[in-house]
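Hi,

Here is the structure I promised to pass on. Please have a look at it, and then read my notes below.

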Amino acid sequence: MSFVSTEFIVFALIVIPLYFLVAQRWRLIVLLVASYVFYAGWRAPYLLLIVFSTLVDYLAALGIHRRPQEQASRRRLLLFCSIAANLGVLIVFKYFNLFSAAASDVAGILGIPHEARLLHVALPVGISFYTFQSMAYTIDVYRGRLPACQNLGTFALYVAFFPQLVAGPIERATNMLPQFVRKLAVDYDRIVDGLRLVLWGLFKKLVIADRLAIYVDAVYSDLQSHSGLSLIVATLFSRFKSTATLAVIPT
């Protein structure tokens, strides 16, 4: 489900009013279910990866928080488990094929027979964002920057919050977690400000980024036919395009 699609507009028009209509105790559940439904729209089985990261870091942070500083070795072990689990998932799905191909190339140079083993799986959308965000929370708890979140649902929403799940930015728990438990009422000024940010982001995405993409794709698809200046301009446009694309999500 793309942020600039009709499906997302309909999705948002259902979720946002529902959030304000239900009682305060149900609001986090509405957002969490909506976030999981949103991600399942890409590839439902990959929800298991988000749930895995959520459970690992929730339990690791609780364990770290409940152990005094004197039990440094156990605290470090829990932190290592969190980092290893998150980076392990990221490496397997995002970098395994790259490392395997590189190892095969090195083996070929050394004259060692080796065939690269590739994983033929789709890259989970937003995996870098939610794994690093979840892992950063555990690190913050380990460093004493915030206490461990006691509510699993609240922490699960922090990891899977749909407005920044697939395109970031990576948010710190110290900034996001307090917002989920804050009582909010319908505020006309906030609605206008939010819609203004959304419309400005859509303009930057559809009018600026998508237009720059035409030139960037044309150059990068035929590098041999373009000069150094064209490559420099395409690279700069690519950077501007990425920035404008992220701007569609108000932060």
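Along the sequence, the protein chain runs α-α-α-α-α-α-α-α-α, which makes nine helices and zero strands. Both come from DSSP runs, numbered from the N terminus: H or I of at least four residues for helices, E of at least two for strands. Please keep in mind that this is a predicted model, where local features need pLDDT of at least 70 and side-chain atom pairs count only at pLDDT 80 or more, while totals for chains, interfaces and linings use all residues. Residues are numbered from 1 along each chain as its sequence is written, and side-chain values use heavy atoms, with hydrogens and water left out.

Now to the inside. Of the 251 residues of the protein chain, 35% count as buried (under 20% relative accessible area; exposed is over 50%, partly exposed in between, with a 1.4 Å probe and protein chains only). The largest nonpolar core has 45 residues, and Tyr137 and Tyr158 touch the most other members. Such a core is a set of buried Ala, Val, Leu, Ile, Met, Phe, Trp, Tyr and Cys residues joined through side-chain atoms within 4.5 Å. At least two residues of this core come from each of α1 (6-21), α2 (24-43), α3 (47-66), α4 (72-109), α5 (127-142), α6 (152-160) and α7 (173-180). Helix α3 gives the most, with seven residues.

Tyr158 itself, leaving out residues up to four places away in sequence, touches Tyr137 and Phe180, among others (contact means heavy atoms within 4.5 Å).

What about the span of α3? Its end C-alpha atoms are 29 Å apart, which agrees with the 28 Å that its 20 residues should span at 1.5 Å a residue (the expected span is 1.5 Å times one less than the number of residues). The buried residues of α3 include Leu47, Asp57, Tyr58 and Ser53. Ser53 counts as buried because its relative accessible area is 1%. Beyond its neighbours within four places in sequence, Ser53 is in contact with Asn86, Tyr130, Thr131 and Ser134.

Phe203 lies in helix α8 (residues 188-220) and is partly exposed, because its relative accessible area is 38%.

Happy to talk any of this through.

Best wishes
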